[in-house]
Amino acid sequence: MGGAEESQRLIPLHGFQRVLGTFGEEDEGPLFLITAGIHGNERAGVEAVQRVFAALREAQGTPAGRFKGRCVAFAGNLKGLRAGVRFIDQDLNRLWTKKGIARLLAGDPSLDDAEEAEARELLGCFEKELGRARGKVLIMDLHTSSADGPPFSCMGDTIPNRKLAFALPVPVILGLEEAIDGAMLDWFYEQGHVAIAVEGGKHQARETVDNLEAMIWIALVASGNLHERDLPRLGDFKRLLEREVRGIPHILEIRYREVIRPGEKFHMIPGFKTFDRIQKGTPLAEKDGEVLRATEDGYVLLPLYQGQGEDGFFIGRRVPRFWLLVASLLRRLHASRLLPLLPGVRPHPEKKDRFLVDPKIARWGTVQVFHLLGYRRRRPEGDQLVFSRRPQW
Ligand SMILES: [Zn+2]
């Protein structure tokens with residue numbers, strides 16, 4: 001690609017520091033954390049963050065500078081950002097499982113690979129901020145993608161996450177965190193914080209920075225850090241995003257993930273954008289010479305058009321908003337008490353708030369029932385599916 005739509009921005013090296021910005025001191029208010037460039041080839045997030053902090057600093061001392069709580073932004077994969085690559089040794093957004101972090105902390109730092117060292121430093125930064133926070137904590141992780149496509153957000157379906165994600169006028173994708181093991185936001189979820197990821201658009205497109213900036217401002221109002229009367233541009237930011245996502249369903253869930261294993265030759269068929277409609281059987285990609293077709297009708301999400309990465313593409317399906325209302329109601333009624341009555345479902349013998357599901361006995365739709373009730377799928381144990389209740393559902 002190239003041409004007028006792409007801008008060649010050169011961020012000076014000093015732009016890539018671990019702490020990209022801090023604003024506000026009040027420990028009682030909400031703590032809003034932002035991470036940008038967890039993938040080193042996704043620099044637009046860093047630029048968006050720099051714009052926001054420059055504007056905040058400029059407004060300091062004026063009514064528009066009124067800010068409750070604190071906002072801190074971190075660069076994710078510093079070495080990757082400096083080199084302009086997604087990662088050096090491994091994907092920094094895949095090593096945040098409970099076990100992975102425990103192993104990292106027990107290990108010898110001098111033996112860390114590039115991303116383990118990044119994760120270790122980030123953990124220290126996060127813990128320092130979380131340690132001083134007295135109010136609620138929210139995290140927004142900024143991403144961009146190799147394919148064209150409008151902005152959107154991803155979240156685990158908890159009621160507090162919905163509040164933040166639905167404040168942004170962009171589509172929400174459910175279940176991506178379930179499909180990917182060890183995403184950084186998981187580490188925050190497990191501690192009960194509000195955590196969403198946002199995608200701004202194509203890596204180098206100029207509007208990607210605008211989209212990410214707009215999402216940060218709107219989120220700062222939704223979090224309570226800024227009052228909407230102090231952000232005169234709020235309406236402009238919302239309209240900018242609304243224009244980008246016209247005609248796209250508001251809520252989608254992940255139905256399929258195409259995994260690329262080491263050594264496999266994956267090649268996406270050119271021309272797909274995120275949210276393109278596809279029919280069952282549509283040829284999407286080639287892997288080791290074999291054509292991969294859509295497994296069902298839906299929307300193609302995050303088609304991979306870059307060398308690095310282990311997710312070839314996802315297929316999503318529209319979720320009616322009504323369904324989410326049903327879900328909140330069922331959760332409030334504690335309907336999960338009825339789960340063991342479903343065929344093939346039994347409580348986990350050792351772990352609280354977990355269930356084992358025998359896929360040979362369970363009825364079709366059991367996975368959906370678990371989602372509705374605020375459970376997420378975990379790695380299977382033997383031939384049994386495992387579901388656990390989200391910390392804040
Ligand atoms: Zn990314």
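The largest cavity in this predicted model has a volume of about 450 Å³. A search of the whole structure turns up three cavities of 30 Å³ or more.

Domain 1 (13–244) and domain 2 (252–318) each give at least three residues to the lining of the largest cavity. Several helices and strands supply at least two residues each, among them α6 (176–179), α7 (184–189) and β14 (311–318). Strand β4 (137–145) is on that list too, and β4 gives the most, with four residues.

Next, move over to the second largest pocket, which holds about 260 Å³ of space. Here 14 residues form the lining, with Ile260, Phe266, Leu304, Gly307 and Gly309 nearest the centre. This lining is made up of seven nonpolar, four polar and three charged residues.

Finally, the cysteines. A disulfide is a covalent bond between the sulfur atoms of two cysteines. How many disulfides does a search of the whole structure find? The count is zero. Take Cys71: the nearest cysteine sulfur belongs to Cys125 and sits 14 Å away, and Cys71 is in no disulfide. Is Cys71 buried or exposed? Cys71 is buried, because its relative accessible area is 0%, under the 20% cut-off. Cys154 is buried as well, with a value of 8%.

Definitions and conventions: Residues numbered from 1 in each chain as written. Predicted model: local features only at pLDDT ≥ 70, side-chain atom pairs only at ≥ 80, totals over all residues. Heavy atoms only, no water. 1 Å grid on protein atoms, 1.4 Å probe; cavity = no way out; pocket = protein on both sides within 12 Å on 5 of 7 lines; lining within 4 Å. Points joined across faces, edges and corners; volume = space filled by probe spheres on them. Nonpolar A, V, L, I, M, F, W, Y, C, P; charged D, E, K, R; others polar. Disulfide = S-S within 2.5 Å. Buried < 20%, exposed > 50% of the residue type's maximum accessible area, 1.4 Å probe, protein only. Domains from an automatic or database assignment.
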